[in-house]
Structures are given as structure tokens and as C-alpha cells.
Amino acid sequence: MSVLKISEENFEEEVMKSEKTVILDFYADWCGPCKMMSPIIDGVAEELGEEVKVGKVNTDENLELAQKFNIMSIPTIMIFKGGNVVKTFVGVTDKTELINAVK
Amino acid sequence: MYDIIIIGAGPAGISASLYAKRAGANVLVLYYGESNLDKAEKIENYYGFVDGIDGKSLYENGIEQAKNLGIEVRNEEVLHIEKVEEFTVKTTKGEYKSKSVIISTGNKKLRPNIKGILQFEGKGISYCAICDGFFYRGKNVVVIGNGDFAVSESDDLKNIANNVKILTNGLEMETSSDYEIVTKKIKEIHGEEHVKSIEFEDGEHLEVDGIFIALGKAGGSDFAKKMGVMLEKDNIKVDENMQTNIEGLYSCGDVTGGLLQVCKAAYDGARAGLDAAKNIRRK
């Protein structure tokens with residue numbers, strides 16, 4: 001499944017109301033480590049396919065969302081189940097670790 | 001433009017330089033400060049030295065050996081590594097460019113031994129001013145460290161944050177700067193959801209919104225963390241050719257964990273030097 005662009009507009013619908021588990025990557029274009037995280041997230045989406053929803057949040061464009069989830073360090077990856085954050089990873093995180101976290 | 005810049009001149013870095021040079025690469029070695037090997041009184045378990053050898057001699061011989069082979073070796077402190085197509089390595093004296101970088105800086109503790117550090121990582125504690133500074137706009141932050149590395153992190157924060165102080169946690173400040181310096185020892189970091197204050201050993205509290213860690217001299221894991229290199233605890237994760245998850249960025253020796261021995265560092269270095277040189281030739 002392709003990686004969704006999550007913003008303040010579609011957050012409620014795509015994440016909070018999602019029946020599937022959602023993996024969200026909070027990033028910014030100017031952040032070095034985020035650039036390394038990006039292909040890993042793409043890989044997770046590819047490997048898990050339809051099982052989960054994978055999205056990216058540009059924190060520059062969606063500061064309110066970043067603040068709402070108290071993002072203080074990027075990349076931060078959050079896993080949502082039924083509208084709740086069940087796990088948070090700070091910093092570049094291994095693909096296997098992310099996949100294990102949703103299984 | 002160099003083919004390969006090697007950071008660190010211990011057995012891993014120097015071995016990497018020897019093998020890379022012999023494979024035809026144009027190599028620069030940058031090193032600064034003391035090495036763990038330099039401090040070893042006597043090494044009696046390394047191949048070929050009948051009566052053993054003191055760490056200092058082995059270390060200095062390695063650097064001499066590289067220089068004798070025509071390898072450029074400079075004593076400069078590296079502050080920052082960046083990759084956009086090619087690598088840029090920024091030191092206290094200048095900037096160098098290369099196609100590949102090998103980090104062989106030895107092991108260094110990334111986290112200070114302060115109560116609360118682990119608990120608040122990503123919740124007010126950061127290891128990368130340039131990545132996370134943005135979230136501290138108009139807030140009060142401190143940098144924990146005592147050298148050029150701490151000053152360089154503070155420089156990245158001063159235009160964003162309301163106030164930047166450097167806390168040396170009981171150490172002497174090794175460099176001069178315009179920042180307010182607090183040399184008191186830190187007892188604990190307090191907060192709830194997020195960092196709120198720092199308690200010093202004398203019982204005084206300092207209210208803060210953010211704490212940036214930049215201990216001592218910037219080490220391999222510090223550069224790695226800022227670039228998005230995968231770490232395992234404080235060690236850099238590498239594949240069998242000593243390459244990290246970033247193409248062209250290698251790491252070898254103690255900074256990658258495993259046996260903290262000269263023989264392992266020399267092997268790592270050889271592997272990294274050869275593979276880096278091979279990949280450059282291929283392009």
C-alpha cells in the first residue's frame with residue numbers, strides 16, 4: 001500500500017477513525033535523519049501491504065498536529081490503534097522493529 | 001575532493017587508510033584528541049610483538065606508517081558530517097569534501113550518566129540541535145557539554161531559542177564562548193510528560209524546556225545520529241563490509257561495538273578501506 005500524506009485536514013478521517021493500525025512518520029524536509037527514515041517507511045508500507053495504513057506528517061506544514069502529539073524530536077514514528085497512540089519511536093528506526101511493533 | 005575521508009587515527013582508521021591507499025584511493029585522515037589505545041600501558045596479546053608494546057608507541061607508529069606511505073594525516077577536530085550527493089566534513093579549521101567517509105573514532109559514551117536522561121529522550125532531551133531546534137522556538141534550552149562540540153550545538157540553537165546556556169556537569173569548560181556557562185554538577189532531570197527542570201547537586205533547580213546533549217568532543221556516534229545512521233545502543237550498525245545504512249558511509253573499530261581489541265579494529269579497517277575504495281572505482 002502506498003504511503004499516505006497526512007495533514008490536519010485528513011488526520012481525523014485517516015488516522016483517528018481508521019479501522020486498521022496506522023504507522024505515522026513525523027518528519028521535516030530539512031532534517032537529515034528524516035531523509036534516512038523515509039525509505040524505511042516506504043519499505044514498511046510495501047512489506048505490510050493492506051494489513052496497515054502508513055502515513056507521513058510534514059511537521060512544518062502541520063505544526064498543530066506535531067504539537068498535539070508533543071513531537072520534540074524528528075523523526076518520530078507513532079503507531080495508532082483505534083485512535084490511540086500505542087507505541088512511539090524516536091529517531092531512525094529499523095524496519096524489522098517497526099514491523100514487529102504492529103504485529 | 002578526496003576519495004575517502006577517514007575520521008580517527010587508531011588501528012581501525014589507519015588500517016583503513018593503508019588498504020584504501022594501496023587500492024589507489026586518495027585519502028585524508030583527520031584525528032583529534034586522545035585515543036583509547038594511546039592510554040593502554042602495555043599490549044601483550046597483539047600478534048608479532050615478542051615483548052608486547054605500549055599503546056602509545058603502537059598508536060604513534062600507525063600514524064607515522066600512514067604518513068610514510070604518503071597519506072595525508074591532519075590533526076583537526078571534526079564537528080559535523082553532511083551528505084548531499086557527496087560528503088562534506090566540517091572541522092574546527094575548515095571543510096573537506098569526499099566521495100566516501102569512514103568513521104573510526106573509537107567508542108564514546110553518547111549519554112551522560114544523569115538520572116532522567118533515558119526517560120525524557122524525545123520528550124525534551126535531544127542529541128541533534130539542527131534537527132530538533134525548530135521545536136524549541138522561543139523556549140529556554142541548555143546544552144550539556146564542555147567543548148567546541150557543545151558550542152557548535154549552541155550556535156545552531158541561539159537564533160531559534162529564547163535562551164541558551166551551556167551546562168558542563170562539573171567539568172571545566174575547554175573552550176571560550178559568549179554563552180552563559182554553568183559548571184555545577186547535575187543531579188537529576190525532572191518533568192512529567194516533558195522535561196521541566198534540572199536539579200543540581202547543590203539542590204538548586206533550573207527550569208528548562210529542552211536539553212541538548214553534546215558531551216566532550218563529537219564522536220562517531222554523534223555524527224552518525226545526526227545523519228540518520230542506524231545505531232544499536234551507542235554503537236554504529238554496519239554490514240559485513242562495514243558500510244552503514246547510508247551509502248558510502250562506513251564505520252569500523254570500537255565505535256561499531258564487538259571486541260574492543262586492536263586485532264578486530266585492524267580487520268574492520270581493512271574491510272572498510274577496501275570496500276570504500278572498490279565502490280569509488282566502480283562509479
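**Figure 1. A right-handed crossing brings together α2(A) and α4(A).** This close-up, like the others here, comes from a predicted model. Helix α2 of chain A covers residues 32-48 and helix α4 of chain A covers residues 95-102; their axes come within 9 Å and cross at roughly 45°. That angle makes α2(A) oblique to α4(A). On the α2(A) side, look for A:I40, A:G43, A:V44, A:E47 and A:L48, which meet A:K95, A:L98 and A:I99 of α4(A). Sorted by class, the residues of this contact are five nonpolar, one polar and two charged.

**Figure 2. In chain B, helices α1 and α6 pack at an angle of about 35°.** Helix α1(B) spans residues 11-22 and helix α6(B) spans residues 262-282, with their axes 7 Å apart. The crossing of α1(B) and α6(B) is right-handed. Contributors from α1(B) include B:P11, B:A12, B:G13, B:I14 and B:A16, while those from α6(B) include B:V262, B:A265, B:A266, B:D268, B:G269 and B:L274. The contact of α1(B) with α6(B) holds 15 nonpolar, five polar and one charged residues.

**Figure 3. Five strands of chain B form an open sheet with parallel pairing.** To find your way across, follow the order β7-β14-β8-β9-β10. At the edges sit β7 (125-126) and β10 (180-182) of chain B, each pairing on one side only. In general, the strands of a sheet pair through backbone hydrogen bonds, either parallel or antiparallel. Here β7(B) runs parallel to β14(B), residues 210-213, and two bridges join them. B:S126 has B:F212 in β14(B) as its bridge partner.

**Figure 4. Helix α4 of chain B, residues 148-158, lies across β8, β9 and β14 of chain B.** The helix runs at about 170° to β9(B), which is made of residues 163-167. Is α4(B) mostly covered or mostly uncovered? Mostly covered: nine of its 11 residues are buried. Among them are B:F149, B:A150, B:V151 and B:L157, along with B:D148, B:E153 and B:D156. The cover over the buried residues of α4(B) includes β4 (78-84), α3, β8, β9 and β14 of chain B.

**Figure 5. Strands β4 and β5 of chain B form a hairpin with one residue between them.** Six bridges join β4(B) to β5(B), residues 86-91, and the two strands run antiparallel. A handy landmark is B:K83, whose bridge partner in β5(B) is B:F87. In this hairpin B:E85 takes a positive phi near 60°.

**Figure 6. β12(B) takes part in two hairpins, with β11(B) and with β13(B).** Strand β11(B), residues 186-191, pairs with β12(B), residues 195-200, in the antiparallel sense over five bridges. B:I186 stands opposite B:F200 in β12(B), and three residues lie between these two strands. The hairpin of β12(B) and β13(B) has four residues between its strands, and B:G203 in the turn has a positive phi of about 95°.

**Figure 7. Chain B meets chain A through 16 residues, in contact with 15 residues of chain A.** From chain B, α3 (129-132) and α5 (220-227) each supply at least two residues of the side that touches chain A. That side of chain B divides into five nonpolar, six polar and five charged residues.

**Figure 8. The loop between α3 and β4 of chain A holds A:N70 and A:P75.** Most residues other than glycine have a negative phi, and most peptide bonds are trans. A:N70 has a positive phi, near 50°. With 14 other C-beta atoms within 10 Å, A:N70 is partly exposed. A:P75 belongs to the loop that links α3 (63-68) with β4 (76-81) of chain A.

**Figure 9. B:M242 has a positive phi of about 75°, although it is not a glycine.** Where does B:M242 sit? Its place is in the loop between β16 (235-236) and β17 (249-251) of chain B. B:M242 counts as buried because 28 C-beta neighbours lie inside 10 Å, and the cut-off for a buried residue is 20 or more.

Conventions: Residues numbered from 1 in each chain as written. Chains lettered and ligands numbered in written order. Predicted model: local features only at pLDDT ≥ 70, side-chain atom pairs only at ≥ 80, totals over all residues. Axes fitted to C-alpha atoms, helices over the stretch in contact; angles between N-to-C directions. Parallel < 35°, antiparallel > 145°, perpendicular 65-115°, else oblique. Left-handed = near helix turned anticlockwise from the far one by under 90°. Contact = placed C-beta atoms within 7 Å. Nonpolar A, V, L, I, M, F, W, Y, C, P; charged D, E, K, R; others polar. Pairing = 2+ DSSP bridges. Buried ≥ 20, exposed ≤ 12 C-beta atoms within 10 Å, placed from the backbone.
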